[in-house]
Structure formats: structure tokens, C-alpha cells
Amino acid sequence: MAASLAVAVLMLVGKLGAYAATGSAAIFSDALESVVHLLATGIAAFSLWYAAQPPDAQHPYGHGKIAYFSSGFEGALILVAAVAIVVTGADALVTGPELERLGIGLAVTAALGLVNLMLGLWLVRTGRRHNAVVLVANGQHVLTDMWTSLGVLVGVGLVWLTGVTWIDPVVAILLGLNLGWTAVALLREAYQGLMESADPGETARLRSVLDRAETESHILGYHFLRYRRVNDRVYVEVHLLFPGDLPIEDAHAHATQVEEAIRAVFPKDHVEVTTHLEPEDHHHPDDDVHDHLGDALADVDTQG
């Protein structure tokens, strides 16, 4: 994130300089996106630090959910920039752009775009390796900035070669629409994280582990399966059924095996498993009703 902040400052200064030299609406749209990116990167840096703080009395599940807030905030800022870029491009299309020294603007934009490409790929790869939502979102934003720069290079390059100036504001409008698409995607991901939407693949793997434990007679059955993800932490809760005459030591040993198998479902995450050991003869029929409700919720990809 320190590298991302430093590069964000470099991008802003460089692109504003390129706009001042050329007067290009497309380059201005690129510079405006960099303003938003600098603000978003600052928020992301704080969020990454805050999410890493250990659980405390007020936040027993840790501070990881701020990552989704950061991702949503970044998406909202990108959306604001997208609207401003489209408005600026439309205005330039109506009034007619006044362009000059396009060669300088092209050279600066190309160099900065290459820097963003390398930084963005690094951030996304690092974020996915560590399941860090903040880094992935910031890396995607950096790559969006790179694609914006590439669009600027194509548009301004065509103006430079052909002398057709209306291409410049049209490119700015198209870039603004593309940024809007990226913003909506980030906002959707942030919403899913904050609302703790269940992943169908993870749900299926969890049930597979528990079904296998039942088949291998480690448990007689299970119900009240729930899980939630907060960034790179996963919390799983489940009730396990055992014979009523099974010694508690043996039931605990079987439960520990099940817990280890559940942790193996999420090899890259910090997993906390809470199991409730329950005698089969104390199992109430109403529990089955609630468990079927849990199945239905999982089927529609919603965490109960």
C-alpha cells in the first residue's frame, strides 16, 4: 500500500502536467480518475492497517469488515469520477476541444500507464494470495487506471494522426462509461461482503465434509450449520449428533476430527470452528425444520 500511495501521487502529478500541456479532454478524464484513485488509496491503506488489528472487547470478531467498506467507498469514488468524466467529455464534444502538443501528452501517458500495469498486477496477485480484499480492490482500481490510460493513448493518438479533434471527447465519454461499469462491480462485491452472502461452492464443500463424517460414523448426523466470512477469516458453527451413551472424551475426539476436516476446506484462511456436541436422543424434531430452512437459504446463496 505504501508503494501504491507513492505511485498514486506520481500518477496525479504526471497526468495533470500532461493535461496542462495538451488541453485534451481524454487526458483530463485520466487525470480526474487519478485524483479519485489517490483518495481511495489513502482510505484503502488505513483500512488494510485497521483490518489487521486483533480482536478486542468491542470487536470480538476482529476488524476485517472494514475491508468491504473500503471496497465500497472506492467503488463510489470511481462512480463519481465516471460521471464527471462523461459530463466533461460531453461538454468538450459540444464546444469543440482545443488541443496542442499531443506528442508530449502521449509520451507521459504511455509511461504512467506502464507503471500502473505492473503495480496493479502485483497488488491483485498479492491480495489474492493473502485473501486481502483491500489489496485486490486497490489493484483492480490501478488496472482500471491503466486501461483508462490505454484508451487515452488510442484516442489522442488518432487525433494526432488524423487531426479529427472530436475523437478526443468521444474517447473521454467511453472511458467514463467503462469506469462506471468497474464502480458498479466493486459496489456489488462490497455489498455481498457486508451482507455475508454465502458462496455456493464453499457451502457444498462444507456439507460434503460433514456428510462424509456421517458416512464414516464419526458422527450420527448434524444440523444448524452456519458459517460467515470476514475478509480472510471464516467462522463455522454446527451441531454434531452422537450416541447418548458415548463417553464425552470419545465424542470430543470425533468432533475434533470433524473440525480439522472443516478447516481443511479453507486452507488459505484463518478458520474458527464452533461445534455443539449433542446426544441423538436429545435431538428435537424442530431442529430438522430449522436445518431445512438453512438448506433453503443456502440454495438461494444467502447466509442465514
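Predicted model: local features only at pLDDT ≥ 70, side-chain atom pairs only at ≥ 80, totals over all residues.
Student: How are α3 and α5 oriented: roughly parallel or roughly antiparallel?
Tutor: Helices here are DSSP runs (H or I, at least four residues; strands are E, at least two), numbered from the N terminus. The axes of α3 (residues 66-95) and α5 (residues 133-162) come within 8 Å and cross at roughly 15°; axes are lines fitted to C-alpha atoms, for helices over the stretch in contact, and angles run from 0 to 180 degrees between N-to-C directions. Angles under 35 degrees count as roughly parallel, over 145 as roughly antiparallel, 65 to 115 as roughly perpendicular and the rest as oblique. That makes α3 and α5 roughly parallel.

Student: And how are α7 and α8 oriented: roughly parallel or roughly antiparallel?
Tutor: The axes of α7 and α8 (residues 248-263) come within 9 Å, and they cross at roughly 150°. The pair is therefore roughly antiparallel.

Student: Which residues of α8 make the contact with α7?
Tutor: Contact means heavy atoms within 4.5 Å. On the α7 side you'll find Leu206, Val209, Leu210 and Ala213. Their partners in α8 are Val258, Ala261 and Ile262.

Student: Moving on to pockets, which element gives the most to the lining of the largest pocket?
Tutor: On a 1 Å grid over the protein atoms alone, a pocket is an open set of points where a 1.4 Å probe fits, with protein on both sides within 12 Å along at least five of seven lines, and lining residues have an atom within 4 Å of a point; a cavity is a set the probe cannot get out of. The largest pocket is lined by 26 residues, with Tyr68, Val133, Gln192, Arg229 and Asn231 nearest its centre. Elements giving two or more residues to this lining include α3, α4 (102-129) and β1 (221-230). The top contributor, with four residues, is α5.

Student: Which residues lie closest to the centre of the second largest pocket?
Tutor: This pocket holds about 250 Å³ of space, where grid points are joined across faces, edges and corners and a volume is the space filled by probe spheres set on the points. Of its 18 lining residues, the closest to the centre are Leu48, Ala51, Ala52, Asn231 and Asp232.

How values were computed. Residues numbered from 1 in each chain as written. Heavy atoms only, no water.
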